[in-house]
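Here is a short briefing to read beside the sequence and the coordinates. Begin with the ligand, then move on to the sheets and the backbone.

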Amino acid sequence: MDALVSQVQAMARDADEGARKKIVDTLFSLQLSIESPQDSMQRLLYLNIYLMAIRIGCDLDFFRMLVDSPTPLTAEQVAEKCGTAPMLMSRLLRYLGSVGIIKETGADTYTANQLCRALAERGWISGVYHYFDTCSPCFAATPEFLKSTGYKDVDDPTNTPFNVAHKSNLAAFDWFLQPESSWNFTHFNNFMTVQHQGMPTWLDKYPFLQVAKSAMPEQPLFVDVGGGVGHQSVALRKALPADIKNRIIVQDLAPVIGQAQPFDGVELTIHNFWESNPVKGAKIYYVRNIIHDWPDGKAAQILKHIKDAMTPDSICIIDEMVIPEQCAHWQATQIDLLMMVTLGARERTQKSFEKLTAAADLRIRKIYPYTVSLNDCVIECVAE
Ligand SMILES: C[S@@+](CC[C@H](N)C(=O)[O-])C[C@H]1O[C@@H](n2cnc3c(N)ncnc32)[C@H](O)[C@@H]1O
């Protein structure tokens, strides 16, 4: 068994993203095939405990303490640093050690492992708060919500489990803008910057340099519509040679732009994508993880405003997953359900994208897939 494990670890070390994910998926299928129903139910019924214990760890910041400590720490030492009862800490760390979130090195003694190090990073900590505080109440509200609607499609952003869970009539992005939700919105925005960390990006697959070189000297190069805190624009600026000086512009709502860090050569601007786009004739209009936030009618409106700003040589890039017709990956299907219960929105197949872009007078010219599990794609569109 040990030899087998070493062999698989060596294979994974040498593998690229696609091959490594294939190994993980194969091992997961293997696990399912040898678990008894009792094993599986023990695992499934307690899933919520993971996030509960991790959130407590983030509140107390003990993942960072384990990372920063040069030697393993006893539960008693961690309890003292955190100001908690020793027995409480001992039970929490014992659980987290038993499920592999931290590493147990001896009796009641722990150190950081790879997962613990991730949980000490700002973006992933924000992910924990986003899923625990904003999303999980929506999951809990969904069964009763669907029962109350007679199991209709969820495609109205103001009538979703989110509205029930957060006792609001507002669509999620409008709810985020209220002062009392600013804590939730900050964590959402931080999480957006890391959610694809370590995975290939659109820049790995799309011939962006060739396209950038074809831009006219005064032509804005890149308009990052709903670009969040501008992380994709910064990545593009870093990837371009210094002699390409065309404008790179991030557009988002005021509170998000207020959170963004200035970066040389990237303009941070306030723009509401329900209104006509003030930047006309750019080379690339880019929407990443925007279209999947909205049902078809609304998504088409966003694209139509972009289309109306385009000149014949402009390109609109939709950077999003394309759900395959068959055998979609679990990492993709879970995001699709998240979009449903929080936003009344969805992930789309290629056929759905073709219909949607046509409704905005755009035509898909080419699709460049660039990740294996999510099938993230650069969907390159031109005006009809
Ligand atoms: C899922 S995030 C994607 C952010 C970024 N494009 C990325 O890929 O990380 C959706 C973004 O849409 C922005 N957004 C929502 N409503 C908007 C509006 N009416 N106008 C402009 N941006 C909006 C949000 O503030 C958020 O930054």
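## Ligand shell

By class, 9 nonpolar, 7 polar and 3 charged residues make up the shell around the ligand. The model is predicted.

**Who surrounds the ligand**
- The ligand has 19 residues around it, and Gly226, His231, Asp252, Phe273 and Arg288 come nearest.
- Helix H12, residues 182–194, gives the most to this shell, with 3 residues.

**Polar atoms at the ligand**
- The side chain of asparagine 272 places an N or O atom 3.0 Å from a nitrogen atom of the ligand.
- For tryptophan 274, the distance from a side-chain N or O atom to a nitrogen atom of the ligand is 3.4 Å.
- Arginine 288 has a polar side-chain atom 2.7 Å from an oxygen atom of the ligand.
- The protein buries 97% of the 590 Å² that the ligand exposes when taken alone.

- Strand S4 spans residues 222–225 and is covered on both faces.
- Phe222 and Asp224 are buried on one side of S4, and Val223 and Val225 are buried on the other.
- S4 runs parallel to strand S5 (residues 248–252), and 4 bridges join the two.
- Opposite phenylalanine 222 stands isoleucine 248 of S5.

**Inside that sheet: S8 and S10**
- Strand S8 (residues 315–321) and strand S10 (residues 376–383) run antiparallel, joined by 6 bridges.
- Isoleucine 317 has glutamate 380 in S10 as its bridge partner.

**The sheet of 3 strands**
- A second open sheet has the order S1-S3-S2, with antiparallel pairing.
- Strand S1 (73–74) and S2 each have a single partner strand, so one side of each is left without a neighbour in the sheet.
- S2 and S3 pair over 3 bridges in the antiparallel sense.
- Glutamate 104 has tyrosine 110 in S3 as its bridge partner.
- As background, strands of a sheet pair through backbone hydrogen bonds, either parallel or antiparallel.

- Most residues other than glycine have a negative phi.
- Aspartate 108 is not a glycine, yet has a positive phi of about 55°.
- Aspartate 108 sits in the loop between strand S2 (103–106) and strand S3 (109–111).
- Is aspartate 108 buried, partly exposed or exposed? Its relative accessible area is 34%, so aspartate 108 is partly exposed.
- Lysine 167 also is not a glycine, and its phi is positive at about 45°.
- The loop that holds lysine 167 lies between helix H10 (161–165) and helix H11 (172–176).
- Lysine 167 counts as exposed because its relative accessibility is 76%, and the cut-off for exposed is over 50%.

Technical notes
Residues numbered from 1 in each chain as written. Predicted model: local features only at pLDDT ≥ 70, side-chain atom pairs only at ≥ 80, totals over all residues. Heavy atoms only, no water. Near = heavy atom within 4 Å. Polar contact = N/O pair within 3.5 Å; in protein donor to acceptor, adjacent residues only side chain to side chain. Areas by Shrake-Rupley, 256 points an atom, 1.4 Å probe, with all protein chains shown as cover. Nonpolar A, V, L, I, M, F, W, Y, C, P; charged D, E, K, R; others polar. Pairing = 2+ DSSP bridges. Buried < 20%, exposed > 50% of the residue type's maximum accessible area, 1.4 Å probe, protein only.
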